[in-house]
Structure formats: structure tokens, C-alpha cells
Amino acid sequence: MTDTPVLPRAVADPPGPTTVRPMLFLVMAVCSGATVANVYLAQPLLKLFSDSLGISHSSAGIVVTCAQFGYAAGILFLVPMGDVRRRRPLLATMLGVTTAVLLVAAAAPGLGVLAAATAAIGAATVIPQVLVPLASELAPPEKRAAVVANVQIGLMTGIVGSRVIGGAVGQLAGWRAVYLLAAVLTAATGALTVSLLPKEGARPAMSYGSLLASLPRLVRDEPAVRHACVLHGALFGAYSATWTTLVLVLTNSHYGYSSAVAGLFGVLGLAGAVSAPWAGRYIDRKGAQPIIIASLVLTLVSAGAYALGGSLLVALVVAIVLANVGVQWSQIANQARIFAYVPNARSRANTVYMVAVFLSGAVSAAVASACFGSYGWGGVCAVQAVLAVVGLLTVPLMRRHDRRHPVAG
């Protein structure tokens, strides 16, 4: 048994299942939203954790960081199996573990157990990162970015919903009820998705050790993957920095909103979901580059608006909308680009990409929490601006590569 080589650029897509039920992509989007929400549940609940468990706001922020580090670990060690394992049993196992650990979090007696459970939730709830490459595989090539965009709508809606619904439910019934609700939604949407997935034939034979060992070669041999890691890693880090601490701004003495009201600001994140179908269609016609550049510019502008938003509500609203549109566009464009360049190893390419992205998010969240404590909201906004500039400095490398190695077909 030999390792699967890193693939040449001009290769045909692997054959997929011959029939796809019409509702499948919609159900995949709903399941992606319900499960990705588990990673973000803690963000609107920081004040409730602090009050309930008798800990500081900065200590409560550890829960958010643990969730993102756990998610990155799950992507690294579980998602690559999507290239060599049948997706139905793989997803069923992930869903069962996620549901169980959500129940553990709901019963957590203190910060230690809650943080550990949250890390385990993040590791197990990587279902969306198996579904997105699968959706790309099942979609017609000329509509691939649009299909990825539609599944990403579910992802973004789940992220937004976790903040809005989580904040509201937490305010009314306590943070433990939020985790109980998440367990129910994960189990229900997951069961429906697994039941609708088409049956698969034999998958490529490859040992788990060889599968993981192929990841560094993928990074080494595919510049498109490296570029995407930096481009969206920087942008998602910028996004995570401000979103992690935004609830503390909204509940401080200037605004004085409750956790429920602060969570409602997450509705503004739907701007990214609303704009996603257009971005997907544009990418299918014109390519990913213009959307990637636009997303980075929007993020840089958003940093300035966020800085004003510390005391000006209109600026804060504008910043939230721009940041959410930027991160959504960037995700769709970068994933569509790497799926086009690495068609026979999409799960592994997605693994490398998403590990980089969520590690950046976790580190940026931790840095932002420290900056908020030392420099206030202005320091957090500076972190977002610096990361947006890092992404913009990477754009020339991406453009040079794509000119030399255009995607076949």
C-alpha cells in the first residue's frame, strides 16, 4: 500500500455518486450551520460564565480559545479521513461524540471541566469541514463555487445564530440550557444529513499514518494551499480578534447592553450570508482573485470603523457588516481555489487550510483578549488592521502563481 501522491494541477475530478437527492445540499448547509455553531457557543456567554462560576472575564475567555484550538485539532486528525473513508459512518461517529460532549459541557461544575469539554466539542464537531469538500465533489464543476457558497451560508448562519440564540437563551435560561439545545440540534440535523447522503463505493486504500504524513507534502507541493492558509488565516484571525471581545464592549459602561441584546448584534453577520450566493456565482465566472482582494480591503476598512465604534454605534454596525461580508467572501473564494487546484485530495487540502485558519483564529483571540486588558478596544482594532495588511501583502504571490499555473478546465 503506497501513499497517494500530491496531485498534478490538470486532472479530472474523481467520479462521484451517480445520483444526488435534490434536497441534499440544503440539508448539508443546515447541518453545517447547526454543528459549526458549537464552536462559537461560548462567545456570547462570557459574562454568564463569569457570574455563574465566579471567574474573571479574561478567564472566561479561555473557553473560547479552547473551542478553537479543539476545532483545529479535530480538523487535523479527523477531516483527512474524508479522502479515504466512507463519509456516512465517519459523519455518524462525529455526530454521536459531539452530542455526548455537549451534554458534558451542560453539566460542567467549573471552568476546568467546561474548558476541557469545549475543547472536545471543537475537536468532534468538524462535520462542516467534511461536508464542504463532499459538496464540492458532488457539485457540477461549473457550479462548484456556488454550491460551496450555499453550504457556507449554512456555516455563517450557524455562527451568527450561535451568538444571537445563544445570547438570548443564555439570558433567559442560563448558559447550561444553551449547550443542551445545541446537543438536540446537532443530533437532529446530523441524523437527517447522514440519512440523505448517497452510498459510496470503495474509497482509496491508505493507512491513517500515511494519510497524515501526506499533509506536509501537500503544503510543500501546492503553493495555492499555502497562499490560502496565509490569506484566509490572516483574515479570519482579524475577524476572530474583534468578535471575541466585542461582547465586552457592548456590555461595558458606555453601551451597557445585556448579554441577550449584545447577542442580537450577531444578526448583522447575516450580511455575509446574504452576499454569499452572489460571490459564489462571480467566482464561477471570473475566478477567486478579485473576491479575495475585496475581502481583505473590506476587513481593513472594518478595523477603522470598529475603532470608531467603541463610542459610536453607527460605526460599530458598519464595521460588523463589513467584517462579516469580508470573512464570508474570503472563505468561499479560498476554498473554491484550493479545491480547483487539488481535486483528488480535497479533504486533505481543506484540512491544511482550516487548521491554519483556526489556529490563527485561536491565537488572534488570545492576543485580542490580552490587548483588550492592556490597551482597550483600540488595541484589538489594531490587531485586526495588522492582520488585514498581512493578507494584502500576500496577494502578489497568489497572482503570480495563478498566472503561471492556471486551473485546467
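This is a predicted model: local features need pLDDT of at least 70, side-chain atom pairs count only at pLDDT 80 or more; totals for chains, interfaces and linings use all residues.

Trainee: Which residues have the most contacts inside the largest nonpolar core?

Mentor: Phe49, Tyr179, Tyr306 and Phe358. That core has 128 residues.

Trainee: And which helix gives the most to this core?

Mentor: Helix 10, residues 223-250. Its share is 16 residues.

Trainee: Let's pick tyrosine 306. What is it in contact with, leaving aside neighbours within four places in sequence?

Mentor: Thr242, Trp243 and Leu246 are among them. The list also includes Leu316, Ala319, Ile320 and Ala323. Trp377, Cys381 and Gln384 are in contact with tyrosine 306 too.

Trainee: Switching to cysteines. How many disulfides are there?

Mentor: The count is zero. Take cysteine 371: its nearest cysteine sulfur belongs to cysteine 381, 11 Å away. A disulfide needs the two sulfur atoms within 2.5 Å.

Trainee: Is cysteine 371 buried or exposed?

Mentor: Buried, because its relative accessibility is 14% and the cut-off for buried is under 20%. Cysteine 229 is buried as well, at 14%.

Trainee: Now charges. How many salt bridges turn up in the whole structure?

Mentor: Five. One of them joins aspartate 51 and lysine 47, at 3.2 Å from N to O.

Trainee: How many residues apart are those two in helix 2?

Mentor: Four, so about one helical turn separates aspartate 51 from lysine 47. Aspartate 51 counts as exposed, at 52% relative accessibility. Lysine 47 is partly exposed, at 34%.

Trainee: What about aspartate 83, which residue does it form a salt bridge with?

Mentor: Arginine 348, with the closest N and O atoms 2.8 Å apart. Aspartate 83 sits in the loop between helix 3 and helix 4, and arginine 348 is in helix 15, so the pair ties together parts 265 residues apart in sequence.

Trainee: Are those side chains buried or exposed?

Mentor: Aspartate 83 is buried, at 10% relative accessibility. Arginine 348 is buried too, at 5%.

Trainee: One more. Which residue does arginine 337 meet in a salt bridge?

Mentor: Aspartate 402, at 2.8 Å from N to O. Arginine 337 is in helix 14 and aspartate 402 in helix 16. The pair links distant parts of the chain, 65 residues apart.

Trainee: Buried or exposed, that pair?

Mentor: Both arginine 337 and aspartate 402 are buried.

Conventions
Residues are numbered from 1 along each chain as its sequence is written. Side-chain values use heavy atoms; hydrogens and water are left out. A nonpolar core is a set of buried Ala, Val, Leu, Ile, Met, Phe, Trp, Tyr and Cys residues joined through side-chain atoms within 4.5 Å. Buried means under 20% relative accessible area, exposed over 50%, partly exposed in between (1.4 Å probe, protein chains only). Contact means heavy atoms within 4.5 Å. A salt bridge is a side-chain nitrogen of Lys or Arg within 4 Å of a carboxyl oxygen of Asp or Glu.
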